Amino acid sequence: MASAQSGTLYRGREGMWSWVAHRISGMLIFLFLLVHVLDTALVRVSPEAYNEVIGHYKTVVFGLGEVGLVGAVLFHALNGLRLILVDFWSQGPKRQRSLFWGVVIVWVVLMAGFLPRHLMHMFGA
């Protein structure tokens, strides 16, 4: 009988949480792309309505949404590279835990570089 520690890559450990986060970030990116295509298509229907929708995008709520979008895209891309290594590198499954934490660290560093500039842009500093 296997111990509770042995488990698999996807049983309550980093592998499972990265799997869940990868799916959630992918769906959020898909929803953004859907809305983006629809609001861009609005320019052909009614330029006035398009301008009104774009005006809403300049609010703080949408600015914070952009932070979430950048975070989701970065995580999804970095975790996708991690998945490629886990799947195609012979040491990948053994090192998936450290690869996960590498993704988290790189994501935090990149977001720390993006966030101050974006917030300055949002609040006009």
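**Close-up views of a predicted model**

The structure holds 2 aromatic pairs, where rings of Phe, Tyr and Trp (its six-membered ring) pair if their centres lie within 6.5 Å. The model is predicted: local features need pLDDT of at least 70 and side-chain atom pairs count only at pLDDT 80 or more, while totals for chains, interfaces and linings use all residues. Residues are numbered from 1 along each chain as its sequence is written, and side-chain values use heavy atoms, with hydrogens and water left out.

**View 1. The aromatic pair F100 and W101.** The ring centres of F100 and W101 lie 5.0 Å apart and the planes meet at 75°, so the pair is edge-to-face (planes under 30 degrees apart count as stacked, over 60 as edge-to-face and the rest as tilted). F100 is buried, with a relative accessible area of 11%, whereas W101 is partly exposed at 44% (buried means under 20%, exposed over 50%, partly exposed in between, with a 1.4 Å probe and protein chains only).

**View 2. The second largest pocket.** This pocket holds about 160 Å³ of space. A pocket is an open set of points on a 1 Å grid over the protein atoms alone, where a 1.4 Å probe fits, with protein on both sides within 12 Å along at least five of seven lines; lining residues have an atom within 4 Å of a point. Its volume is the space filled by probe spheres set on the points, which are joined across faces, edges and corners. The lining comprises W17, S18, A21, I24, S25, L28, A72, F75, F100, V104 and W107. Two or more residues come from each of α1, α3 and α4 (96-123), and α1 gives the largest share, 6 residues. By class, the lining has 9 nonpolar, 2 polar and no charged residues (Ala, Val, Leu, Ile, Met, Phe, Trp, Tyr, Cys and Pro count as nonpolar, Asp, Glu, Lys and Arg as charged, and the others, Gly among them, as polar).

**View 3. The largest pocket.** The volume of the largest pocket is about 360 Å³. Of its 13 lining residues, F32, Y57, F62, E66 and L69 are the closest to the centre. Helices α1, α2 and α3 (60-88) each give two or more residues to this lining, which divides into 8 nonpolar, 3 polar and 2 charged residues.

**View 4. The packing of α1 with α2.** Helices α1 (residues 14-45) and α2 (residues 47-56) pack at about 150°, with axes 6 Å apart (axes are lines fitted to C-alpha atoms over the stretch in contact, and angles run from 0 to 180 degrees between N-to-C directions; helices are DSSP runs of H or I, at least four residues, numbered from the N terminus). D39, T40, L42, V43 and V45 in α1 meet P47, A49, Y50 and V53 in α2, contact meaning heavy atoms within 4.5 Å. These residues divide into 7 nonpolar, 1 polar and 1 charged.
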